[in-house]
Structure formats: C-alpha cells, structure tokens
Amino acid sequence: MAAVYQALHRRVSSLICRLHSTYVRKMRYLNQLKEDDSLCRQAQTSGTFYLFHNLSPFLQKAGKKYLVPQLSAAEMKGILEKFQEAEQWIEKSVLIGCSDEHRPRFALDLGALDKSVIESELQGSFTDLRKALFVVDGEDSPLLASAHSLLQWHESHQYCSRTGQPTQKNPAGSKRVCHASGVTYYPQMSPVVIALVSDGSRCLLARQPSFPPGMFTALSGFCDMGENVEEAVRREVAEEVGLEVESLRYSASQHWPFPGSSLMIACHALVGAQRAEISVDTLELEEARWFGLEEIVEGLKREPRSSKRDDGGCLPWFPPKQAIAHQLIQEWVQQQTAQTA
Ligand SMILES: NC(=O)C1=CN([C@@H]2O[C@H](COP(=O)(O)OP(=O)(O)OC[C@H]3O[C@@H](n4cnc5c(N)ncnc54)[C@H](O)[C@@H]3O)[C@@H](O)[C@H]2O)C=CC1
Ligand SMILES: [Mg+2]
C-alpha cells in the first residue's frame, strides 16, 4: 500500500513540476520579449495577432458562438497589402501573451484603415468591447479586456506630459519613452474596491442611474491617493450608504477595462445588524437596499430580458459571471446556505 502511495505521490509531484516549469518558462520568455527589443521584433514575424478597430475587437460568428480569431503574420501582411500599407503597421502591435509553445500573441489596432474592407476580407465584424466580453468564450474575455486596456493606454500616451514631445513605444508595448526628457511611462491601472456589504443575514446592493433597468450590484469606488484597501472600502461604504464597516474579508481581484483600466479588488464587508439603516448618497446612487437570500437566489436566475414586469418596471437582476460582483454574490449565497443548513 505504501509503495502504491509513494508511486502515486511521485507521479503527482512530477506532473506538478512539469506544469510549473511550463508556466515559469512561459513567464520568463514573455519578460524577455519585453526587455529585448530585437527578440520581440523577431517574435512579431512568428506570432499571432488579435485585431481591433478603434478599440473594438474583431470577432467571427460560428453558428451561435463568437470566436476571436488569431491571424498569423503572413495573414496580417496579406490584409495590410490590401491597403498598400507598409509592414510598419506591425510595429504598432502590443504583446499580450503567448501560447504554451511560446508562440507570442499580439494585439493591433487598425483604426486608421477602412473597417468594412477588413470585415469583408476576414468575414467577421469589429464589435463593441462591452458586447464582445459577454459573448466570447470564458478564457478569451480577459485577454480581450487586457488587450483593449493596453491599446487604449498607448493611444492616450502619445505625448510626454513634461515636454509635449511624442513618446515612442518599445516593440512589446510594455512602456513608452520620451527621448527628449528621458522619462519612461509604464501602462497604469486604477485600483477600485468593490464590497459586498452584509449584516449577517442580508446583503446590500445598489444601482446607479446609468445602469440598465433592474440591474443591482455591489458597492464600488476608486481608491484615493495613499489609501489602503481597508480604508477605501470603509470610506466608500460610509460615503455611498452611510454605514460603518466592522470587518472585511478579501475575496479576489479582477482587471476591468471600463471606463479605463481598473484593478477591481473584491471584498466581503460586515456591518452590525443593529446599525444597518441605509442613508443613500443620491448624487451617485439611484437606489440601495438590503436583499434577503431568497431574493438574491431568484435574481441570479434572472436575465435582463426576463426581468420586465407587466407594469413596465423591472425585477432585480445582477451582473453576469464575467464581472467580479457576480462572484461576490455567489460566495455570499454559498456562505448563507452553509449557515442555514
Ligand atoms: N467588474 C465588476 O463587477 C464591477 C465593476 N465596477 C467598476 O468599478 C468602477 C468604479 O465604480 P464607481 O462606483 O463608479 O466609482 P466611485 O464610487 O469612485 O465613483 C466614480 C467617480 O469617482 C471619481 N474618480 C476618482 N478616481 C477616478 C478614476 N481613476 N477614474 C475615474 N473616475 C474616478 C469620478 O468623479 C467618478 O465619477 C466603475 O468604473 C465600474 O465599471 C463597478 C461595479 C461592478
Ligand atoms: Mg461608487
């Protein structure tokens, strides 16, 4: 028995080791591409490309599914030749990852070219990011989101804020340099806290006037300069609904491409059941209220389309699984269900 266990243990360890080494090798290769410009230029000739047009990703429809095609360098050349454009377009691409076999992946925005020519040539369409993220496969949406954010950052950092001179990107797109001042700019994200507030038996969800009708989500807010996550959660909850957080627990984080590029830091926050009276900041929120377990479970089953009531109003529904708010709500349901079981 011990021998069987040992053999099994050896197999599992060697499998884990192999998995680790693939991952570690991949991360080191990507870092090399960011640091070594000539290696990255070479990689552009063997890599694959995700296309964007004015920050809208290119998708192809296959039956009911939406695919995110990766074009080879040769296919890219073919497309660019249609416009009699030189291959210098490839230089505008940014590195967004690589396959396990070290085939680099780039994203490229062809915003200056006629979109309908590319769409008919490649039989697909450039689709608004908000729609694209929710129709593509699970593993493609984070890739599209980060590619979009990186391309957007480059677009808005064309000039040095000190000298006003143009900045140059490195081939990987991991930085931009102003040669006049020597300043290096790196892509930035804004930290945002998102907190699912609970009083032990209910959770608090809110809506902003700009949300689609019926949609409620957890409270969120940008971190102020110098604030840590705990301080930002306590402040946002106090500002938006007038409650004092007693304790909080980190759950997970997510990159979020709207409105710019945010790092969403998701937490569960507890307030005292005796001090749970909400006073809503109506400048930011249209409504905030407590939801019981049953109402949350029903809301999770609902889709925007099925939320319409006969009187023209809407029943509550919650963000889809791609949003970290969904994960927080699901975790809260699991915790409540375990408590009441
Ligand atoms: N992935 C998810 O599940 C969710 C994501 N979110 C995202 O969280 C973000 C922040 O949520 P809000 O409640 O709107 O934030 P908020 O409560 O901080 O209010 C937004 C206001 O903060 C100010 N602000 C401060 N720093 C800013 C910055 N770096 N960029 C833009 N505005 C800044 C602006 O005046 C803005 O109008 C939203 O952009 C939203 O897309 C929100 C809920 C769920
Ligand atoms: Mg907010």
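Of the 341 residues in the chain, 28% are buried, a residue being buried if 20 or more other C-beta atoms, placed from the backbone, lie within 10 Å of its own, and exposed if 12 or fewer do. This is a predicted model, in which local features need pLDDT of at least 70 and side-chain atom pairs count only at pLDDT 80 or more, whereas totals for chains, interfaces and linings use all residues. Residues are numbered from 1 along each chain as its sequence is written.

The chain has nine helices and 16 strands, which are DSSP runs (H or I, at least four residues, for helices; E, at least two, for strands) numbered from the N terminus.

Two nonpolar cores can be described, each being a set of buried Ala, Val, Leu, Ile, Met, Phe, Trp, Tyr and Cys residues joined through C-beta atoms within 7 Å.

| Core | Residues | Among its members |
|---|---|---|
| Largest | 35 residues | V193, I194, A195, L196, V197, L328 |
| Second, separate | 31 residues | M76, L95, I118, A147 |

In α9, I324, A325, L328, I329 and W332 are buried, and they cover an arc of only 145° around the axis (taken from the directions from the helix axis to the C-beta atoms), which puts them on the same side of α9. The buried residues of α9 pack against β11, β12, β14, β15 and α8, while the face turned away from the buried side carries the exposed residues Q334, T337 and A338.

Methods:
Chains lettered and ligands numbered in written order. Contact = placed C-beta atoms within 7 Å.
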